[in-house]
Amino acid sequence: VTTTTGTVAATSGKPRKRGGRPGLTPSVLLLIIAGALALVSLVRLISGADDITSAGQVAGALELAIPIGLAGLGGLWAERAGVVNIGLEGMMILGTWFGAWAGYQWGPWTGVLFGIIGGALGGLLHAVVTVTFGVNHIVSGVAVNILAVGATRYLSEFTFDTAEGGSSKQSPRIDAITEITVPGLSDWMHDLQARHWFLVSDLAGVIGGLVTGLSLLTVVALLLVPGTWWLLWRTPFGLRLRSCGENPVAAESLGVNVYRYKYVAVVISGGLAGLGGAFLAIVSTGIYQEGQTGGRGYIGLAAMIFGNWMPGGMALGAGLFGFTDSLKLRGGAENVHAMLLLLAILLVLVVARQLHRRKYLPAVLSAAVAALLFVWYGLTDQVPSQFVDAAPYVTTLLVLALSAQRLRMPKANGLPYRKGQGA
Amino acid sequence: MKKFDRDRLILAFAGPALALVVAVVLTSVVLLVSGTNPWEPYRIMFESASYVDVQVLIVNQAGTYYLAALAVAVGFRMNLFNIGVDGQYRLAAMMAALVGAAVELPGPLQIALIVIVAMLVGALWSGIAGILKTTRGVSEVVSTIMLNSIATSLVAWLILPKNFGVQPAGSNNLTTGDIPESGWFPGLDMGVEAGEIYGFTFVAAACGVIYWFVLARTRFGFDLRATGASASAAQASGVDAKKMILTSMLVSGGIAGLAGMPTLLGDAHTYSLDFPTGIGFTGITIALLGRNNPLGIAFSALLIAFLDKSSASLDQFGYEKEIATIMQGLIVISVVVSYELVRRYGLRRQQQKVGEELAAGGALKTEKEGAAL
């Protein structure tokens, strides 16, 4: 999946023409997606797990990927301005609670708004502690997480516990947000997909999943990814914000109010995580449940690192994690089992690439792992669901281990900054 | 010089004192806003803590917290952020329980075996993060977060009855099977009603002494603190920074492995689905509050354990016990902020003082020069 070229570090000092890492332009991104689809299609034909690219699967993956992606986007905003945000999980929790609290009383869209506000409050706290008081970013993030858990539990005792249809751990039901289905196209795609043709049916499944029962909030969330890219990489505001993450002292010398930009970035970051939480409560489940976020804030952070601190890569990571999640939820064992084959084939491709580059030792290692996966696939019928749970985390660790030197986070990310004290 | 030291001492105490006052005031504000009595919960908590059985609970809980916080503190002294203490603790407790239930050795040997397995597993799990950091440059913060979640899945899989778990008859719980009585750590009996203090709590206290001795009195401890203060300076003076990172990560994981022992050896005697979680994150709070100082951590562990255990009685009086969690969060934030403020104040004071002395010296010098002319 990683398509980094080794030039990132070398060119980091120079201004770049296109935003992001060279090689991950929108067209390359499309090419990756097309290649992945062809590969998945092949695996589907071999394994007979027809559900892995069905419209339902894709819709499910999208719905699971959105909260992860929103958290990741939140992480992106904060870290691009140089503030590490481990508190995403806590801000998401605030988003679920506030979203549900306002949602069940005044309708889902008010809920969305309050979810954003709730998360943004968490972001504001993080900003005050890290930017104004200069406390270690990770310490502050941990504190935000603890506080969010305590505050939402406490608040539930007064609100949901006394409301009709709620309890101290659960909110009353929230009205659903309008879902759109493109008439005609949706049915046609479902037809095509049911024929199980190579690639055509898979493409139909993906399109079918995207045009059937699509929540309006999903559309909004999807638009936020290119929106973020445009704002951060195409506007003066974005340039200034990113300069605070790369070299705040230089930014200060050019008259940028670094504190203000960091504040804005971290509050938006919290708002996005809060929106992710609100999405969980309002769209995914329709109620607030205690512990609903289940570490998605951390997975969002992982998706962002996976995507090399770029919106496109982050979305790719979130999509991948959402897809693994949905494989498990829908008929699980068989689908995930097919993924072993996919992984093995991917590794064979990696081996070919490494041999081409004359990296023999890594090639041998990858080949050995690929062989192991083939054996695992051949000898078993299913993969334990616990391993599937761990998949996003293991993937992230592997990506980090294999390409940490090529990943490039904002240069001043996590470093303390005091106005007027630049060396 | 002596006066300056006293100032530092006052500043060192001013931080936590300020933080606690702020946290209490903020909690009272929360209570006021939610329409309840802002002082009554504290009274109930203190009253509850005056009973011996609650005190025993607090001490036992504090022992566990103390070990978790020491594990975090070792990393902190090195500028390493081991967020993974929680995963290391859970995986280690589970594996130790498995081994303990599988073999039966005479008393002390059985206990030693379980403890060693726990330390090794904890060190193994943190060692992954250490190796990733030293060989591949992966931030330990991210890798330990990932390892926490992987540990959760791994434990969930291992404890399935078809793997290594046992399902007690008539229960939904899963356990790892019971450790034979030779592996029970004897406790200190406090009377029939009070229960007993886990014997391992005293081991935890001993760990604190060892922690102090190693850090303050050995070459290794000096290297560790030096690397934490400035990696490049330490490297220049001949310290192998990579080796130090790996070693301290392993030590941290080993201590994290011990954190499950008071409960496992003193009370539960098995790892089950309801084994306490989140200990590692509380450990972070406590290490911060105690400023990585073994004595400070001990007081902080007692304080947090007090909040935990004495808040349980709040429910009976119509107050929400979640207020204790809020208070913990507020304590962390006010602690880190107040430490930072006190540090800045101290720095400014020091600069001022040095500035004054220099100015005085300079004045003297110019006088002399003036006299010479």
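In which helix of chain B is Leu11(B) found? Leu11(B) is found in helix α1 of chain B, which covers residues 2-33, where helices (H or I, at least four residues) and strands (E, at least two) are DSSP runs numbered from the N terminus. The model is predicted, so that local features need pLDDT of at least 70 and side-chain atom pairs count only at pLDDT 80 or more, while totals for chains, interfaces and linings use all residues. Residues are numbered from 1 along each chain as its sequence is written, chains are lettered from A and ligands numbered from 1 in the order in which they are written, and side-chain values use heavy atoms, with hydrogens and water left out.

Not counting residues up to four places away in sequence, Leu11(B) touches Val342(B), Tyr345(B) and Gly346(B), contact meaning heavy atoms within 4.5 Å. The C-alpha atoms of Leu11(B) and Tyr339(B) are separated by 9.2 Å, although these residues are 328 apart along the chain. In chain A, Phe323(A) lies in helix α14, residues 311-329, and, with neighbours within four places in sequence left aside, Phe323(A) is in contact with Ile52(A), Gln57(A), Ala61(A) and Met339(A).

The contact between the chains takes 38 residues from chain A and 41 residues from chain B. The area buried between chain A and chain B (the accessible area, with a 1.4 Å probe, that two parts lose on being put together, summed over both) is about 3,500 Å², and carbon and sulfur atoms give 79% of this area. The elements that give two or more residues to the side of chain A that touches chain B are α5 (108-132), α6 (137-158), α13 (296-306) and α17 (385-403) of chain A, and the largest share, 12 residues, comes from α6(A). The residues of this side divide into 27 nonpolar, seven polar and four charged, where Ala, Val, Leu, Ile, Met, Phe, Trp, Tyr, Cys and Pro count as nonpolar, Asp, Glu, Lys and Arg as charged, and the others, Gly among them, as polar.

Across the interface of chain A and chain B, zero salt bridges are found, a salt bridge being a side-chain nitrogen of Lys or Arg within 4 Å of a carboxyl oxygen of Asp or Glu. Over all chains, by contrast, the count comes to 13 salt bridges. In one salt bridge, the side chains of Lys169(A) and Glu290(A) meet at 3.7 Å, N to O. Lys169(A) lies in the loop between α6 and β1 (179-180) of chain A and Glu290(A) in the loop between α12 and α13 of chain A, so the pair ties together parts that are 121 residues apart in sequence.
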